[in-house]
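These are my notebook entries on a structure that I had not examined before. I record below what I looked up, in the order in which I took the topics.

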Amino acid sequence: MSNSLINTQILPFKAMAYQNGKFIEVTDATTKGKWVVFFFYPADFTFVCPTELGDLADNYAEFKKLGVEIYGVSTDTHFTHKAWHDTSETIKKIEYPLVGDPTHVISKNFGVYIEEVGVDERGTFVVDPNGKIQIIEINAGNIGRNAQELLRKVKAAQYVATHPGEVCPAKWQEGDRTLAPSIDLVGKI
């Protein structure tokens, strides 16, 4: 029996976020109908986290072109996210919502909450417009992620969602050939 969250529906949640000078409410319902990236990180005012969030900010326009919304999520409050935004040059450039999860509901829903220390793993989840998880990546706390690689994975997920019967091989880039699995390919790749 698998415990994987792949192809499972995201669970209900309601939280406050900081985005572009405002506090907004984010729920599982607000994520439906579009591609979404939930980008969990351990904590505001830390070291690796701002480098990752800044990298996402630098690539945010590319995600938006693909119809993807990004939600940065930590166990901090939306008030802490605002304070971080107001004091960090890197965080000031973020336009996507920074979601506060002080109750740990979202973090536990996605299985990234580390009970012993009260923070999240570096978890990345790509969710399709139907609310189903298509990609999961979990990094150790001292290993940062790469927004360009995430963009590549999102493009692959979107491609296979709109091209049933095709799969994207290793290192697939937009425009590359895909594969159509069949008995004729067995042992020939």
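Entry 1, conventions. I take helices (H or I, at least four residues) and strands (E, at least two) as DSSP runs, numbered from the N terminus. The model is predicted, so I note that local features need pLDDT of at least 70 and side-chain atom pairs count only at pLDDT 80 or more, while totals for chains, interfaces and linings use all residues. Residues are numbered from 1 along each chain as its sequence is written, and side-chain values use heavy atoms, with hydrogens and water left out.

I looked up isoleucine 136 and found it in strand β9 (residues 133-139). Its relative accessibility is 31%, so isoleucine 136 counts as partly exposed; buried means under 20% relative accessible area, exposed over 50%, and partly exposed in between (1.4 Å probe, protein chains only). Together with Ile6 and Ile138, Ile136 makes a nonpolar surface patch of about 220 Å². Patches are made of residues with over 30% relative accessible area and no salt bridge; like charges are joined within 9 Å, and nonpolar side chains (Val, Leu, Ile, Met, Phe, Trp, Tyr) within 5 Å. The accessible areas come from the Shrake-Rupley method with a 1.4 Å probe, and for residues only the protein chains shown count as cover.

I located glycine 111 in the loop between α5 (105-109) and β6 (113-114). Glycine 111 is exposed, at a relative accessible area of 60%. Its C-alpha atom is separated by 26 Å from that of phenylalanine 23, which is 88 residues apart from it along the chain.

I searched the whole structure for disulfides (pairs of cysteine sulfur atoms within 2.5 Å) and found 0. Cysteine 49 is buried, with 1% relative accessible area, whereas cysteine 168 is partly exposed, with 24%.

How many salt bridges does the structure hold? I noted 10, each being a side-chain nitrogen of Lys or Arg within 4 Å of a carboxyl oxygen of Asp or Glu.

I looked at arginine 145 and glutamate 52, whose side chains meet in a salt bridge at 2.8 Å, N to O. Arginine 145 lies in the loop between β9 and α6 (147-162) and glutamate 52 in helix α2 (residues 48-65), so this pair ties together parts that are 93 residues apart in sequence. Arginine 145 is buried at 10% relative accessible area, and glutamate 52 is buried at 2%.

Aspartate 58 forms a salt bridge with lysine 93, with the closest N and O atoms 2.9 Å apart. This pair also links distant parts of the chain, since aspartate 58 is in helix α2 and lysine 93 is in the loop between α4 (89-92) and β5 (98-100), 35 residues apart. Aspartate 58 is exposed, at 53%, and lysine 93 is partly exposed, at 38%.

Lysine 65 and glutamate 62 meet in a salt bridge of 3.1 Å, N to O. They are 3 residues apart in helix α2, so about one helical turn separates them. Lysine 65 counts as exposed at 65% relative accessibility, and glutamate 62 is partly exposed at 34%.
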